[in-house]
Amino acid sequence: MAIRKVGVLGCGLMGSGIAEVAAKAGFDTVVREVSEALLEKGMGKIRGSLGKAVEKGKMTAEERDAVLGRIHGTTSFEALADCDLVVEAIVENLDEKKATYAALDKVAKPTAIFASNTSSLTVTQLAMATSRPARFVGLHFFNPVPVMKLVEVVRTLLTEDAALAEIDEFCRAIGKTPVACKDNSGFIVNRLLVPYLLDAIRALEEGVGSVADIDEGMKLGCGYPMGPFQLLDFVGLDTTYFIANIMFEEYREKRFAPPPLLKQMVQAGRFGKKSGRGFYDHSKK
Ligand code: 3HC
């Protein structure tokens with residue numbers, strides 16, 4: 001296997017999960033955050049998730065310690081210099097991502113593959129911010145990363161076959177199932193999921209049903225594990241709003257336009273589970 005050492009940029013909801021699954025699969029893993037405080041918060045998420053796995057008897061305390069021993073936290077880019085693969089999972093903002101790739105490109109070894117966990121930006125524009133567009137892919141994980149089996153692998157016009165073969169092997173090594181996608185905003189899953197989530201908000205705005213009844217309807221009527229409002233709170237309303245705006249910019253189609261209620265909830269700081277309040281109250285959990 002060509003990939004031995006994995007770097008992860010960002011230790012939020014997605015980055016911490018990606019670092020966890022890479023280290024669990026035996027990869028030496030370096031995770032970078034922009035500040036010590038955010039790094040500590042992200043490492044706390046990883047420790048919490050592994051701690052739950054021990055409590056549930058899915059791994060021993062020794063295995064947990066070995067996994068944690070393979071994860072190195074950093075705030076520098078230099079610590080990623082010898083990584084064979086760097087997965088970026090920072091905020092869904094084009095300028096921030098481009099600036100991060102420019103800094104990473106200066107220190108990463110020329111053969112390293114860069115992968116973006118972007119959920120809605122097109123990958124080509126990110127690849128072109130680096131000196132290695134042939135070794136650049138989209139690698140879109142799903143939340144919660146340790147549980148969800150899917151990874152969307154996005155090939156651009158410039159991605160070389162060798163890089164895709166290495167990525168395929170990596171995805172399988174971490175226990176995920178890759179699906180191939182063209183470089184279209186939202187790829188496969190968000191192209192279908194985002195209009196569904198936005199439509200649930202529109203249904204609420206129109207008074208079709210209450211939050212609880214719409215959720216119950218989709219859970220019991222369609223067998224979905226979560227209703228759309230539970231899922232919105234889980235993914236984050238701010239994240240969904242960013243994604244919807246990017247997809248609307250790209251396609252100029254009404255189905256991707258964020259409804260006013262979503263915008264207002266974001267403006268009001270109701271981001272969902274992460275802020276304690278979204279369509280549901282999470283403050284007591
Ligand atoms: N980390 C590790 N394991 C976790 C976890 C986490 N964060 N959350 C849940 N689990 C595990 C539990 O330990 C449990 O394992 P077990 O069955 O072996 O004991 C299993 O997952 C089921 O969890 P629970 O019994 O606590 O609860 P649920 O049965 O409700 O499952 C769920 C939780 C897996 C999150 C389920 O509700 C689900 O599948 N929800 C939909 C998730 C989804 O749609 N994700 C995609 C979001 S879209 C996205 O990510 C793309 C982005 O670009 C927007």
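How many residues has helix H6, and how far does H6 reach from its first C-alpha to its last?

## Helix H6

Helix H6 (residues 161-173) has 13 residues and reaches 18 Å from its first C-alpha to its last, close to the 18 Å expected at 1.5 Å a residue. The expected span is 1.5 Å times one less than the number of residues. Helices here are DSSP runs (H or I, at least four residues), numbered from the N terminus.

Ala 163, Leu 164, Glu 166, Ile 167, Phe 170 and Cys 171 are the buried residues of H6. Because they cover an arc of only 160° around the axis, they lie on the same side of H6; the arc is that of the directions from the helix axis to the C-beta atoms. Asp 161 and Arg 172, on the other side of H6, are exposed. Buried means under 20% relative accessible area and exposed over 50% (1.4 Å probe, protein chains only).

## Basis of the model

The model is predicted: local features need pLDDT of at least 70 and side-chain atom pairs pLDDT 80 or more, while totals for chains, interfaces and linings use all residues. Residues are numbered from 1 along each chain as its sequence is written, and side-chain values use heavy atoms, with hydrogens and water left out.

## The ligand

Of the 18 residues around the ligand (a heavy atom within 4 Å), those that come nearest are Lys 56, Lys 58, His 140, Asn 143 and Asn 190. A side-chain N or O atom of Lys 56 is 2.8 Å from an oxygen atom of the ligand. For a polar side-chain atom of Lys 58, the distance to a ligand oxygen atom is 2.9 Å.

Notes: Polar contact = N/O pair within 3.5 Å; in protein donor to acceptor, adjacent residues only side chain to side chain. Helix = DSSP H or I, 4+ residues; strand = E, 2+ residues; numbered from the N terminus.
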